[in-house]
Amino acid sequence: MVRYPKPKLLDHIGSSHCVIEASAGTGKTYTLEHLVIQLLLEGVALEKILVVTFTKKATLELMARIREKLAELRALSTDKVVDGQPFWELTPERVELLKKALLSFDRATISTIHGFCQQVLQDAAFEGGRLFKQEAIASEEAFDRAFTTLLRTHYATAQKGLLEVALRTQGGVSGLR
C-alpha cells in the first residue's frame, strides 16, 4: 500500500454533485482533477462522472491533467505523504480502479457546456423529435446563413424592387445586414 496526499479541500466537498465557481488562478482545475480521483477511488466508474467546463481550452487542460494524475498514481511505488496532511491509501484494489479508469479514459465525459448539451441532444434525438445530425454554430453565423437564404429565396424574387432600393440606400449586402 502506498499513500498519496489528498487535498484538504476535498473533505468539505460532497461526493455526488459539485459546482466550483472561482476566479482565474484559484485552483479550480487542481480541485476538479483531484475530485475526479477521489470519486474513482470511492469506486465510481469514470463513465459515471460528468465534468463540465466553460471553454475548450479548460476542457483540454483538465483532460490532460486527469490522465496524467491517473498515470502518476498508478505507477506510484513510494509514499508521498507529508505528516499531518490527509492522504489516500492506494491499495492494490484502488490502483486497479485507477488502471481501469486510465484504460477507459476516452469514454470520460469531460466537455464544455455546449459540447455536453450537443451530445445529449444527439443521443436523445429520436425521443426529442430532433434531427440525428446537428451542428452547433455561433449566433452570428446562424444569422448570416438565414439572412443570405432569405435574400436569395424571398426578396430576390417576390420583393425584387424593395431589395434593389434597400441595397442601394444601405451600401450593399453588408450594409443591409
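1. Basis. The model is predicted, so local features need pLDDT of at least 70, side-chain atom pairs count only at pLDDT 80 or more, and totals for chains, interfaces and linings use all residues. Residues are numbered from 1 along each chain as its sequence is written, and side-chain values use heavy atoms, with hydrogens and water left out.

2. Y4 and W88. The structure holds two aromatic pairs (rings of Phe, Tyr and Trp, the last by its six-membered ring, with centres within 6.5 Å; planes under 30 degrees apart are stacked, over 60 edge-to-face, the rest tilted). Y4 and W88 form a stacked pair, with 6.3 Å centre to centre and 5 degrees between the planes. Y4 belongs to strand β1 (residues 2-5) and W88 to strand β3 (residues 87-90), so the pair ties together parts 84 residues apart in sequence. Helices (H or I, at least four residues) and strands (E, at least two) are DSSP runs numbered from the N terminus. Both Y4 and W88 are buried (under 20% relative accessible area; exposed is over 50%, partly exposed in between; 1.4 Å probe, protein chains only).

3. F143 and F147. These two rings are also stacked, at 5.6 Å centre to centre and 20 degrees between the planes. Both residues lie in helix α6 (residues 139-155), four residues apart, about one turn of the helix. F143 is partly exposed at 43% relative accessible area, while F147, at 15%, counts as buried.

4. Strands β1 and β3. The two pair in the antiparallel sense over four bridges (pairing requires at least two DSSP bridges). V2 stands opposite L90 in β3. In a regular strand the side chains alternate between the two faces of the sheet. In β3, W88 and L90 make up the covered face, and F87 and E89 the uncovered one. R3 lies over the face of F87, at 4.9 Å from the ring centre (criterion: NZ of Lys or CZ of Arg within 6 Å of the centre and within 35 degrees of the ring normal).

5. Helix α1. Because 10 of the 14 residues are buried, α1 is largely enclosed by the rest of the structure. Among the buried residues are E33, H34 and Q38. Their cover includes β2 (50-53), α2 (56-75), β3 and α3 (92-103). Just after α1, G43 takes a positive phi of about 100 degrees.

Conventions
Contact = heavy atoms within 4.5 Å.
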